[in-house]
Amino acid sequence: MSVSCGAECVVFLGCSRWAWKRCTYVGSNDSETWSLATHDEFEPVPRVCRLVLAVYETDLRHPQFPPDGGYRLNPDWVLKSVTYEQTLGRAPPYLIYVDHDRKEIMVAIRGLNLAKESDYKTLLNNRLGMEMFDEGYVHHGLLKSAVWLLNEESETLRRVWEETGRDYQMIFAGHSLGSGVAALLTVVLVNHRDKLGGIPRSKVRCYALAPARCMSLNLAVKYADVIHSIVLQDDFLPRTPTPLEDIFKSIFCLPCLLFLVCLRDTFIPEGRKLGDPRRLYAPGRMYHIVERKFCRCGRFPPEVRTAIPVDGRFEHIILSCNATSDHGIVWIERESEKALKIMRENKSETITVPPRIQKLERLQTLEKEHKDALDRAVSLNIPHAVSTADEPIEIKETDTEEPAVAGKGDTSKPKSESSSRGTNWDDVVEKLFKRTESGNLILNKESDTP
């Protein structure tokens with residue numbers, strides 16, 4: 001009797017300890033050791049959020065749901081606005097905008113529409129380990145959607161970039177479902193920059209807002225120099241290792257699912273998680289907007305922390321009443337705008353050296369963080385991780401005059417709106433691999449971009 005009572009006490013204490021640790025774990029704990037982001041690197045985020053919100057509008061000249069201060073864009077610079085009817089369900093609606101003031105060509109992709117069957121088809125078109133890409137794994141449905149979008153718009157993007165003097169940055173942004181499409185689109189593009197007129201890697205950026213887990217850990221770290229993920233406090237999606245297709249099957253019982261996932265992951269060792277090459281993660285460099293504190297009511301002035309984490313990459317489900325509201329693009333836009341305003345005020349008060357030196361030092365720090373993350377991924381034996389010594393030469397920016405010369409003859413020819421005469425991105429993706437005798441796909445090293 002005494003033995004059974006003792007065992008019950010041990011079990012009770014163990015369960016109580018687990019419940020206390022889980023219930024007191026807050027979103028800010030994920031990034032407590034990260035460094036603070038600077039004004040210059042975070043400055044594009046609020047306007048990228050506004051551009052994604054603009055995709056939801058039918059008429060930007062007479063907007064129905066503008067954010068505070070409006071969208072702050074020129075409707076005349078909207079190159080194309082594509083709806084569900086035009087995508088035929090193969091990709092979420094998107095908008096192409098050319099910002100001549102900041103010299104940016106921007107593609108914004110909207111998030112999941114709970115009323116659209118086509119969005120669910122994209123999410124459900126995947127199984128664990130179904131799609132291998134660039135020595136890693138990605139979400140099959142999101143990759144397929146990204147390739148379709150490239151087939152439709154790559155010729156338009158190339159033409160606009162060349163017509164604007166080959167000097168503009170190309171920015172891809174998306175929210176939720178759209179973030180996965182934008183991230184995988186960016187990965188495909190940077191591997192074949194010659195197909196877009198030889199655009200340098202340094203001029204390609206992706207901002208994944210409330211990012212979906214769409215690529216394996218080695219790819220998430222490898223492309224951290226071009227993909228930036230923005231997470232608001234307790235957002236559930238970047239933290240949920242459950243496949244996207246299972247999450248949205250249970251969207252109406254999401255709190256129950258999150259609790260069960262939290263309970264299950266307690267008993268999975270960290271090494272086992274890192275060692276599974278099929279496990280998907282949020283992509284790229286992480287920017288965590290923190291605005292709430294433990295046992296405190298209300299929202300505090302937000303601060304933005306950044307890092308390229310390898311282990312501890314948003315692996316803990318947050319049992320919070322804000323886990324779903326923090327996923328909303330409206331709240332991300334509001335809090336990022338507040339955070340940027342605070343950064344701007346602090347910058348004007350504390351600046352003591354010329355801005356150019358600050359930017360140069362921060363750029364060198366970002367590059368070092370990326371190299372350190374790559375090396376740490378190798379040291380932790382992450383499957384297919386590549387160290388800085390093994391990184392392909394394509395990361396190094398080179399002169400792109402040759403692709404420009406090769407493309408001059410093409411620019412004089414009329415391009416069809418569907419880009420049927422342009423690059424077939426399905427073939428481009430296939431050329432990244434070769435099949436073994438067993439039928440498995442492996443990376444074809446000879447196909448890497450020079």
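Predicted model: local features only at pLDDT ≥ 70, side-chain atom pairs only at ≥ 80, totals over all residues.

Biologist: How much space lies in the second largest cavity?
Modeller: About 30 Å³.

Biologist: And what classes of residue make up the lining of the second largest cavity?
Modeller: Five are nonpolar, two are polar and one is charged.

Biologist: How many cavities of 30 Å³ or more are there?
Modeller: The count is two. The largest cavity holds about 60 Å³ of space.

Biologist: Which residues line the largest cavity?
Modeller: Asp134, Glu135, Asn218, Leu219, Lys222, Leu374, Ala377, His384, Ala385 and Val386. Two elements give two or more residues to that lining: α8 (217–222) and α13 (355–379).

Biologist: Which element gives the most to the lining of the largest cavity?
Modeller: That's α8, with three residues.

Biologist: What about the classes in the lining of the largest cavity?
Modeller: Five nonpolar, two polar and three charged residues.

Biologist: Switching topic. How many residues has the largest nonpolar core?
Modeller: It has 49. The residues with the most contacts inside this core are Leu157, Met170, Phe172, Leu184, Leu189, Met215 and Ile227.

Biologist: Which elements give two or more residues to this core?
Modeller: The strands are β3 (94–99), β4 (104–109), β7 (169–175) and β8 (204–209). The helices are α6 (140–163), α7 (177–191), α8 and α15 (425–430).

Biologist: Let's pick Leu157. Leaving aside neighbours within four places in sequence, what is Leu157 in contact with?
Modeller: Ile96, Ile105, Val107, Met170, Phe172 and Leu196. Met170 and Phe172 are also on the list of residues with the most contacts in the core.

Biologist: What else is there in the way of cores?
Modeller: There's a second, separate core of 33 residues. Val45, Leu51, Ile230 and Tyr287 are among its members.

Biologist: Is Cys214 buried or exposed?
Modeller: Buried, because its relative accessible area is 0%. The cut-off for buried is under 20%.

Biologist: And Cys49, buried or exposed?
Modeller: Cys49 counts as buried too, since its relative accessibility is 0%.

Methods:
Residues numbered from 1 in each chain as written. Heavy atoms only, no water. 1 Å grid on protein atoms, 1.4 Å probe; cavity = no way out; pocket = protein on both sides within 12 Å on 5 of 7 lines; lining within 4 Å. Points joined across faces, edges and corners; volume = space filled by probe spheres on them. Helix = DSSP H or I, 4+ residues; strand = E, 2+ residues; numbered from the N terminus. Nonpolar A, V, L, I, M, F, W, Y, C, P; charged D, E, K, R; others polar. Core = buried A, V, L, I, M, F, W, Y, C linked by side-chain atoms within 4.5 Å. Buried < 20%, exposed > 50% of the residue type's maximum accessible area, 1.4 Å probe, protein only. Contact = heavy atoms within 4.5 Å.
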